[in-house]
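Here is a short report on a single protein chain.

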Amino acid sequence: MNRKDSPNSPAPSQPKSQDNPFPQPSAESSAESPASNLPKAYDPSRIERRWAEYWVRERLFDTQTPGAGAGTPHSDPEMRDSKPFTMLLPPPNVTGRLHMGHMLNQTEMDILTRWHRMSGQTALWVPGTDHAGIATQMMVERQLASQGSDRKTLGRDAFTARVWEWKRQYGSAITDQMRRLGASVDWSREYFTMDDHLNVAVKEAFVRLYEQGLIYRGSYIVNWDPVQQTAVSDLEVTHEDRLGKLYHIRYPFADGTGEIVVATTRPETMLGDTAVAVNPTDERYTAMIGKLVSLPLSGVNGAANREIPILADVWAQPEFGTGAVKVTPAHDPNDFAIGQRHALASITVLDTAAHIDLPGSPFHGMDRFAARERIVAALDAAGLLVEIRDHNLAIAISQRSGAVVEPRLSMQWFLAVNRPVPSAEGGAARASIAQTAIDAVRDGHIKFTPSMYEKTYMEWLANIHDWCISRQLWWGHRIPAWHCTACHAITVARETPAACNTCGSADITQETDVLDTWFSSGLLPFTVFGWPGTDASLLSSRSEAEGPASSLGLTPDLAAFYPTSVLVTGFDILFFWVARMIMLGTHFMLDVAMPDGSPRQLAEAVPFREVYIHALVRDANREKMSKTKGNVIDPIEIVERFGTDAVRFTLASMASPGTDIAFSEARTEGNRAFANKIWNAARFLFMNLDRAREAGIEVDLSKLANALRGTVDAPIETKWILYQLNTTVILVNSSLDNYRFDEAANYIYQFFWGDFCDWYLEIVKLRLNYGEGSDKTAATEALTTLVAVFEAALRLSSPFMPFITEEIWHALYRGKPPKKSIALAEFPGWHLDASLSTPANEDMRELQALIEVIGEIRSLRKDFGIPNHERIEIQIHPADEPATLGAIYLDSEENVSLHTPDIYKIATANKEILAGLARVNEISLSASPLTGANARSTANFDVAVLYERQIDIPAERERLTKDLAKYEKGLVAAERQLSNDSFIAKAPAPIVEGLRKQAAETRTLHDKTRAALDALPPDN
Ligand SMILES: [Zn+2]
């Protein structure tokens, strides 16, 4: 077949409810049936834990490295040689518990992995956890505090040992949750970011960057968290709008000839002022430039106040405050820049806990906020406080501790991301780390979905500053640098040095800072596969003679799995992690040759080829989940209530790119009902297999694939369901190709519930007769097709609902399945026989025409109140120029709508279906259109039920009169709306169009009701 035929996609809507009013014997009504050991009721809690444990215990998702033996070749040669599908789990914090965001993230990743795996690719999903520097340290510090201790009392080594102990005890909570949810990761490759081999890689990365001159140490204003006592990155700071104060303070000239008034929101920092700045264009102050002021309160130990200059700098804005600003280079990033421009001294007046650190000053030792009050009072007493105004300002808050961030000058380690990268051979320098990361995306080596995130990424990188990679924590990768007490030089080394590299002194101490957690996680896409020189297995076997690490070859894993295929993540870590992985991945991997020894190009140096950014999960009212609001949904709790499959299916069916998910329990309940529907279909099918067996009929489960091919002379419902199945498979594949989890889920839902359960199952029941005198061949064929289609539908649904499909699949094969798991079976492909695959085989859709007829008859029966048991006669009038019948067609362009099924012929040829599903006993052809109250018209036919309605005339008159009044009211409202010119002018066109349509329909209904009322005979 031609896979390029484009299907006419149906809108992904829910199937119409097709409550069959004519129930056949079904699973529900046969309590005694063993149904191959499937319990009567679907109870996810009874099956999910069992399968989750089975998948882990049997190591089903452990992945062999391609080329390293093993692996069953796929039957489809196209698939056999395909590249592996590789993905890294964004490592959750080792301190974490799963939240709904994880659940969505992991559901999407699991669907992709299972789908690729079933499609015959080597599919590797690597799990791991992050040591999460700040979060973990805080957790353990809190624990210590509750025991009346703290980390300083313990000391660094003992504290670090405590954290490891904590990790051993509680660190697997989140991965245990993942195991329970059945994530199909390769647990044999699970890592922790502080595993030995990853530590070696982190150290190697740091040393290489240092040797390349890309890591430097410098004074810098950092965001200081006084509670955690560490620098935090801009990304770890949130801003809160608060009402603060703006203090106007008088600074007297040193020569006593006048004064200048400065405005500040943080008066306590004045103790560290080293200048006052005014704008060079501000005429109020030009005459004062160059004068010295005597800085109030700055004298220590009774000495005189310091004198500082008034200088001109464009940073001072005439419209802010008084136009004159104090300059405190050690405690403000902008002042630091002014200080750099004017070679000002930087005086640190706050310690690491944000207490005043100015020995000899009356304010020494005070907390910053207490000091503020005391300083303002002292200024007031001295007559130097001009005024205090209310002032709205954005306060910087440390995300982790909630402390107000104190900008602070400190020595930090930086990665120079904008500096050209020197070449190893002394040739021309390469583009900077940031530029290479920009090039990788600009040149299309990494694709973002949704594409709008590409712009966000580009803008961030274009304006990026050097990355402060040091953190003043104890938990993390300690920086491999040693300070010399003798000569103050720094020695950076892979192995702990015995002496200073510069002067040879043995008096050296290791840097106390650790690396930013994102530095190590930014290396993961290549370090998890064994970066040459740092791979654990190679390291242990490496002899001294083999020389430096970089000369070692590619590990098989890195050769096979890098670049990874896709990264699935949330927007919140686009900069933290995604951009860092691209920067570090391209930087280091460009230096790693390809498996054939050729130089690696940027396209092969990227850490992943695609990034899929998923949306947020909100509550049912579209509110963001938050602890304060109390609307947080615990995924484990919701899974216990509805089953993992239902929750997964709900998340998938709502996961359209760029749209947040309003997670609703009602919808989850609906999907649990969907799972239940599948369960009951399985029981019906198993019951029929049992009945057939009793009649000596055995379906050969090893030959189901044949049944999916179909034949030209197969019954109408067989051809139709095979056609629907194959079409659904194509639609699901193309949806998943484009990360449309929502569409894929909806196609599956439509097929399984709508096509399969509501229609096909009801029709095929008519054929499943095994008794005396029945057509056993037809029954066997029908049963075989039923089983084959159902089994294929299980495989189709398995990536979305892995538990229920696994349970039923094993039951179907009565404990002897062809594979250890449905997850290892093949994803359904195109199976239709060539003779059925061409558009010429229009009879594939004959049943679709019949379904339309049945739908109209059922609706008429309901309207007429015809009792279910009563058989009726119908008339059919085929439309003169029928439109195409509303199914999913795989026509090529030129064959669209060529087919005009003869609806009367189809109906008479399939009398038994009409009899079974619509209780029709007679069908006649009408030469003229059918227009009466007992008729329905569609684009393709008119159909009428011939039925003498026994009506209660007064009741009917009352009903019709009520209806008529309702329609009249509706018409008046519609006319008022549609004659309102300003409404018509403002409302969107589709809304106006919709109203017009609605009005026209109301008019038709109104006229019909009027006619029906007029036609009523008088009351008795
Ligand atoms: Zn030295």
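The model is predicted: local features need pLDDT of at least 70, side-chain atom pairs count only at pLDDT 80 or more, and totals for chains, interfaces and linings use all residues. Residues are numbered from 1 along each chain as its sequence is written, and side-chain values use heavy atoms, with hydrogens and water left out.

Of the 1020 residues in the chain, 54% are buried. Buried means under 20% relative accessible area, exposed means over 50%, and partly exposed lies in between (1.4 Å probe, protein chains only). The secondary structure comprises 33 helices and 29 strands. These are DSSP runs numbered from the N terminus: helices are H or I with at least four residues, strands are E with at least two. Among contacts with a separation of 6 or more, 77% join residues 24 or more positions apart. Contact means heavy atoms within 4.5 Å.

**Helix packing**

Axes are lines fitted to C-alpha atoms, for helices over the stretch in contact, and angles run from 0 to 180 degrees between N-to-C directions. Angles under 35 degrees count as roughly parallel, over 145 as roughly antiparallel, 65 to 115 as roughly perpendicular and the rest as oblique.

| Helix pair | Axis angle | Axis distance |
|---|---|---|
| α19 (residues 635-642) and α21 (residues 665-694) | roughly 40° | within 10 Å |
| α23 (residues 716-737) and α25 (residues 776-797) | about 10° | 11 Å |
| α20 (residues 644-654) and α26 (residues 802-812) | about 130° | 7 Å |

Start with α19 and α21, which are oblique to each other. Their crossing is right-handed, meaning that the near helix is turned clockwise from the far one by less than a right angle (left-handed if anticlockwise). α19 contributes Ile638, Arg641 and Phe642, while α21 contributes Glu665, Thr668, Glu669 and Arg672. By class, this contact has two nonpolar, one polar and four charged residues. Ala, Val, Leu, Ile, Met, Phe, Trp, Tyr, Cys and Pro count as nonpolar; Asp, Glu, Lys and Arg count as charged; the others, Gly among them, count as polar.

The axes of α23 and α25 are roughly parallel. On the α23 side, the contact uses Thr718, Ile721, Leu722, Leu725, Thr728, Val729 and Val732; on the α25 side, Thr785, Val789, Ala792 and Leu796. That makes eight nonpolar, three polar and no charged residues.

α20 and α26 are oblique to each other. Thr644, Asp645 and Arg648 of α20 touch Pro802, Phe803 and Ile804 of α26. The classes here are three nonpolar, one polar and two charged.

**Two local sites**

Is Thr586 buried or exposed? Thr586 is buried, at a relative accessible area of 0%. This residue sits in helix α17 (residues 574-589). Leaving out residues up to four places away in sequence, Thr586 contacts Thr436, Ala440, Met581, Leu602, Ala605 and Val606.

Helix α7 (residues 173-180) is largely enclosed by the rest of the structure, because six of its eight residues are buried. The buried ones are Ala173, Ile174, Thr175, Gln177, Met178 and Arg180. After α7 comes Gly182, with a positive phi near 80°.
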